[in-house]
Amino acid sequence: MTTVSVDSGADQGRKAPGRPRDARAAEAILDAVTTLLGEGQSADSLSIEAVAAKAGVGKATIYRRWANKEALLIDAVARMKGPLPVPAGESVRDDLIMLVSHGRNRRMERYGKVTACLMPEMVRSPEMHAVYQAAIEPRREVMRQVLRRGIETGELRADLDIELTLLMISGPTVAQNMLHWNPRVPIEGYAEALVDAILRGAAAVSEPSAPGAP
């Protein structure tokens with residue numbers, strides 16, 4: 001596999017716009033990728049030929065949209081996660097609950113097996129790790145923006161470690177989605193309970209009033 005730059009994002013390897021493309025063919029191609037991965041096909045051994053055969057298209061149809069397999073994998077992983085969520089921007093707590101809930105929807109239940117199949121390859125292969133990072137980085141940035149806004153509005157501590165907080169929010173959700181790591185944690189109210197637990201350490205602390213102050 002060719003090394004993929006994380007900074008390139010989901011546009012890595014895409015060719016410049018040309019003639020109109022058949023949207024249904026693109027959907028069939030991405031479906032074929034996730035189906036093959038879900039059936040146990042490794043990302044390394046996944047071939048454009050196999051994807052084309054599964055999708056019922058020619059290889060040329062794939063290469064008109066994606067310049068290489070890495071670009072195709074990035075889009076397939078990004079598609080599994082659905083459109084980027086858009087926070088309302090009124091409350092850090094509400095926005096974080098929405099983002100966590102978005103990561104535990106039926107779409108993620110459907111594709112959890114595919115992601116689980118990719119995990120060993122992400123550990124073993126720097127290229128596959130870069131593919132996954134490029135696909136999920138835009139989602140992390142959405143959550144970063146929520147946390148940065150919370151610091152600016154005084155809802156969150158000024159010294160909050162944003163990257164560590166991202167990990168604390170996302171890590172448990174990934175573990176529960178893919179591994180059902182702790183079955184004693186109820187699904188109902190999960191997002192609210194997780195966010196509230198994080199905010200107990202991340203929320204700004206009000207200064208105590210001086211004695212005799214109104």
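I began with aromatic pairs: rings of Phe, Tyr and Trp pair if their centres lie within 6.5 Å. I kept in mind that this is a predicted model. My search found zero aromatic pairs in the structure.

Next I looked for a charge over a ring. Arginine 65 turned up over the face of tryptophan 66, and the distance to the ring centre is 5.3 Å.

The largest pocket holds about 780 Å³ of space. Its lining has 29 residues, and those closest to the centre are Lys81, Tyr132, Ile136, Ser170 and Val174.

Which helices each supply at least two residues of that lining? I found H5 (92-102), H6 (106-124), H7 (126-153) and H8 (162-179). H8 gives the largest share, with 11 residues. I also sorted the lining by type and got 15 nonpolar, 10 polar and four charged residues.

Where does H7 bend? The bend, about 40°, is at isoleucine 136, and proline 138 follows within four residues.

My last stop was just after H7, where glycine 154 has a positive phi of about 85°.

Key
Residues are numbered from 1 along each chain as its sequence is written. This is a predicted model: local features need pLDDT of at least 70, side-chain atom pairs count only at pLDDT 80 or more; totals for chains, interfaces and linings use all residues. Side-chain values use heavy atoms; hydrogens and water are left out. Rings of Phe, Tyr and Trp (its six-membered ring) pair if their centres lie within 6.5 Å; planes under 30 degrees apart count as stacked, over 60 as edge-to-face and the rest as tilted. A charge sits over a ring if NZ of Lys or CZ of Arg is within 6 Å of the ring centre and within 35 degrees of the ring normal. On a 1 Å grid over the protein atoms alone, a cavity is a set of points where a 1.4 Å probe fits but cannot get out, and a pocket is an open set with protein on both sides within 12 Å along at least five of seven lines; lining residues have an atom within 4 Å of a point. Grid points are joined across faces, edges and corners, and a volume is the space filled by probe spheres set on the points. Ala, Val, Leu, Ile, Met, Phe, Trp, Tyr, Cys and Pro count as nonpolar, Asp, Glu, Lys and Arg as charged, and the others, Gly among them, as polar. The bend at a residue is the angle between axes fitted to the seven residues ending there and the seven starting there.
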